[in-house]
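Here are my notes on the model you sent over.

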Amino acid sequence: MKQVVQNYKSGELAVLDVPVPGCKPGGVLVRTAYSLISTGTELMKVSEAGMSMLGKARSRPDQVAKVMQSVATNGLPATYRKVMGKLDSYTPLGYSLCGVVEQVGAGIDDVKVGDLVACAGNEHALHAELNWVPRNLYVPLPDGLAPRHAAFGTVGSIAMQGVRQGEPQLGEVALVIGLGLIGQLVVQLLTASGVRVVGADPDPARCELAERLGAVACGDPGSAAVEAAVAELTDGHGVDQVYLAAGGGSNQPVELAAHLARDRGRVVDIGKCKLDLPWNAYYEKELDVRFSRSYGPGRYDPEYELEGRDYPIGYVRWTERRNLACFLDLLARGRVDVEPLVSHVAEFDDAVETYRRLKDGDLKAVAVLFRYPEPSEEERAERSAQAPAVAVPAVRRGDRAPAPARSATAPVRLAFVGAGNYATSMLLPHLAQRDGVTLSTVVTTTALSAANAQRKFGFAQATTDLDAVLGDPSVDAVFVVTRHSSHAELTRRALLAGKAVFVEKPLALTEEELAGVLAAVEESGNDRLQVGFNRRFAPLLREARTRLGARSGPASLRYLVNAGRLQHGSWYLRQGTEGTRFAGEGGHFIDTASWLLEADPVSVYAVATAGNEDLQVVLGYPDGSTATLSYVTTGAPGFPKETLDLVADGKVLKLDDFVRASVHGPKRWVSSRLPKARDKGQSAELAAFVKAVRTGGPMPVPLESLAATTAATLAVQASLAAGAPVALAGPR
């Protein structure tokens with residue numbers, strides 16, 4: 001299928017061929033009929049992409065701060081790879097469309113194939129021929145509503161949420177500053193609510209359009225006409241509400257709002273304009289400044305948007321989806337008219353030229369629609385044949401002939417399931433440069449991430465069809481680099497398909513998931529499994545262990561992990577589906593301790609501060625050794641992330657964040673110089689895995705150790721719940 005994309009580094013716009021997104025449970029696959037260009041938000045993004053690197057940094061100081069923190073935590077080379085990887089990637093455009101339901105995912109019962117729906121979301125309602133849209137971000141069209149009008153649903157919801165924040169009442173007077181797409185819709189919504197509206201915009205054509213759509217009077221913000229209209233309508237008191245729907249770097253809108261608002265009036269910011277509030281003016285009138293957050297309640301909440309968890313109507317009357325449905329109803333009943341806003345309808349194949357004309361000013365428009373071609377009968381038949389079933393049966397080795405023996409000199413063919421930040425910054429750069437490796441196929445649920453990985457790392461194929469990869473006898477190994485909740489099931493299926501598997505931590509989030517993976521090993525006889533516990537492969541740590549030498553007595557190990565706080569909205573915080581944060585990454589540190597102590601733990605005791613913010617985990621080992629792991633989120637951001645001390649036989653091994661190491665004993669050793677980067681072992685780990693796959697030799701870490709580390713990680717939560725140590729059973 002085709003999708004409009006932009007490279008944020010170069011500014012390049014393109015209509016790209018990408019895989020069709022999969023139809024996941026909890027949503028529908030929609031074939032787009034019309035999508036709307038947001039001439040404000042999207043053109044701002046297009047313009048930013050054309051800036052120099054310095055210009056981009058100046059426009060996004062929040063992102064610069066994140067980069068500096070990443071440098072302090074991960075080092076300059078790793079941060080550079082991550083940042084440049086993000087910049088030099090295709091990003092999607094679009095967030096408002098109307099289309100036809102082509103496939104219905106499991107759990108969806110309010111629409112059927114063939115229904116028309118309006119869709120929202122800058123990750124789901126993209127300028128693309130097909131989009132997967134979760135339940136709370138689509139709404140069926142009312143009878144009689146034209147699809148080209150329904151494509152305005154998202155921007156209509158943005159305008160509606162702004163109006164709701166202003167709490168208009170019958171007979172009030174409002175000022176709308178900025179008469180672009182959102183401003184024109186705000187004018188109509190206010191008029192439909194019984195509010196008299198004055199508009200302000202420097203473009204006479206937009207002022208004339210707003211008056212035709214219901215505004216009493218409009219004019220240039222700097223003219224006397226606007227002030228005179230306000231004075232006449234309000235008997236000189238000022239407007240009840242001001243809606244800031246303008247963009248740009250001028251402070252004129254907020255100054256005009258203060259000048260023309262009545263005492264204790266309301267000022268609502270909808271657009272993205274400069275907000276240097278003149279203190280005296282706002283204080284003397286005690287103005288109520290409010291912000292409108294996009295489409296309404298539910299925005300930026302992954303449980304609402306992605307998991308379909310609605311808010312009870314008794315507590316939250318107007319959510320994203322209810323705002324969208326309300327706006328569509330107003331359109332269908334003729335209370336809002338968007339046809340006069342349509343300045344241009346472009347064919348989807350002409351998207352790049354359309355953006356160029358908008359950016360250069362050749363095309364002056366309030367709203368522009370993309371019209372999509374109808375699929376041919378052959379395309380419909382092909383899509384129907386390719387559409388995966390709702391419930392996909394597990395691929396079992398017994399259902400297929402065993403994979404043919406491979407030559408030790410032939411390239412190892414790798415497939416990746418998932419291509420997120422970690423895969424593209426920490427794994428694929430090493431593999432793409434390695435001799436004897438062929439990157440065969442990348443599989444993702446979102447089309448663009450697969451296309452980005454294919455372009456940047458040279459995968460032969462990009463797809464959203466996992467079954468095709470598992471059934472491909474030429475694929476030697478599968479990398480599972482998806483979100484945590486899917487690791488165990490994907491690993492289980494790949495093992496049953498006879499593939500060697502590299503799964504990023506964690507291997508499993510529950511004891512049942514771990515048991516399922518081990519059952520797949522037993523059923524298939526395929527134990528070719530590696531979990532991404534990379535720290536034991538770190539060159540600095542391996543040299544330090546060599547320098548420490550053999551030990552004769554028990555050891556005491558202390559490991560401090562200054563994990564830091566997660567940003568709001570991080571998927572790591574979705575404990576209901578992705579497990580606890582420690583369950584996700586704690587295996588890294590337990591595996592490192594076990595490797596240093598040359599044994600698997602036999603007991604786990606965990607305690608936590610109030611709210612489980614910080615964890616203290618004590619691991620017991622068969623020879624009496626102990627490892628105390630402090631996993632903290634409340635430490636100073638500038639302090640190193642990982643520090644480790646191992647004491648045994650009159651010797652001490654010390655590791656400082658994979659930057660410096662030392663051994664103190666009869667002979668003192670200190671790492672001679674700082675390494676060029678924090679090498680946490682990914683490259684060496686990948687080399688060991690590829691070698692094992694190529695030669696058929698043993699995997700880098702025994703399966704028993706992988707299972708023991710995973711069991712110990714899961715036992716932390718059990719110990720917290722019981723308030724007591726948990727004994728770990730031996731290998732099953």
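The points below run from the whole chain down to single side chains.

1. First, the ground rules. This is a predicted model, so local features need pLDDT of at least 70 and side-chain atom pairs count only at pLDDT 80 or more, while totals for chains, interfaces and linings use all residues. Residues are numbered from 1 along each chain as its sequence is written, and side-chain values use heavy atoms, with hydrogens and water left out.

2. The overall picture: the protein chain has 25 helices and 31 strands (DSSP runs numbered from the N terminus, helices being H or I of at least four residues and strands E of at least two). Of its 732 residues, 52% are buried (under 20% relative accessible area; exposed is over 50%, partly exposed in between, with a 1.4 Å probe and protein chains only). Take the contacts (heavy atoms within 4.5 Å) between residues at least 6 apart in sequence: 69% of them join residues at least 24 apart.

3. Leu275, Leu277, Val289 and Phe291 make a nonpolar patch of about 310 Å² (patch residues have over 30% relative accessible area and no salt bridge; nonpolar side chains, meaning Val, Leu, Ile, Met, Phe, Trp and Tyr, are joined within 5 Å, like charges within 9 Å). Leucine 275 is in the loop between strand S13 (261-269) and helix H11 (279-285), and is partly exposed at 32%.

4. Have a look at proline 221, in the loop between strand S11 (217-219) and helix H9 (224-234). Its relative accessibility is 13%, so it counts as buried. Leaving aside neighbours within four places in sequence, proline 221 is in contact with Ala200, Asp201, Pro202, Gln252 and Leu256.

5. Aromatics next: there are 13 aromatic pairs (ring centres of Phe, Tyr and Trp, its six-membered ring, within 6.5 Å; planes under 30 degrees apart are stacked, over 60 edge-to-face, the rest tilted). Phenylalanine 502 and phenylalanine 689 pair edge-to-face, at 5.5 Å centre to centre and 75° between the planes. Phenylalanine 502 is in strand S21 (residues 500-503) and phenylalanine 689 in helix H24 (residues 682-695), so the pair ties together parts 187 residues apart in sequence. Both residues are buried. Phe416, Phe459, Phe479, Phe502 and Phe689 form one aromatic cluster.

6. Two charges sit over rings (NZ of Lys or CZ of Arg within 6 Å of the ring centre and within 35 degrees of the ring normal). Lysine 24 lies over the face of tryptophan 132, 4.3 Å from the ring centre, and the charged end of arginine 321 is over the ring of tyrosine 138, 5.0 Å from its centre.

7. Finally, the salt bridges, 33 by count (a side-chain nitrogen of Lys or Arg within 4 Å of a carboxyl oxygen of Asp or Glu). Arginine 322 and aspartate 310 meet at 3.0 Å, N to O. Arginine 322 belongs to helix H13 (residues 320-332) and aspartate 310 to the loop between helix H12 (302-305) and H13, 12 residues apart. How do the two ends compare, buried or partly exposed? Arginine 322 is buried at 17%, whereas aspartate 310 is partly exposed at 40%. Elsewhere, Glu353, Arg356, Asp360 and Asp362 are linked in a network of salt bridges.

Definitions and conventions: Accessible areas come from the Shrake-Rupley method with a 1.4 Å probe; for residues, only the protein chains shown count as cover.
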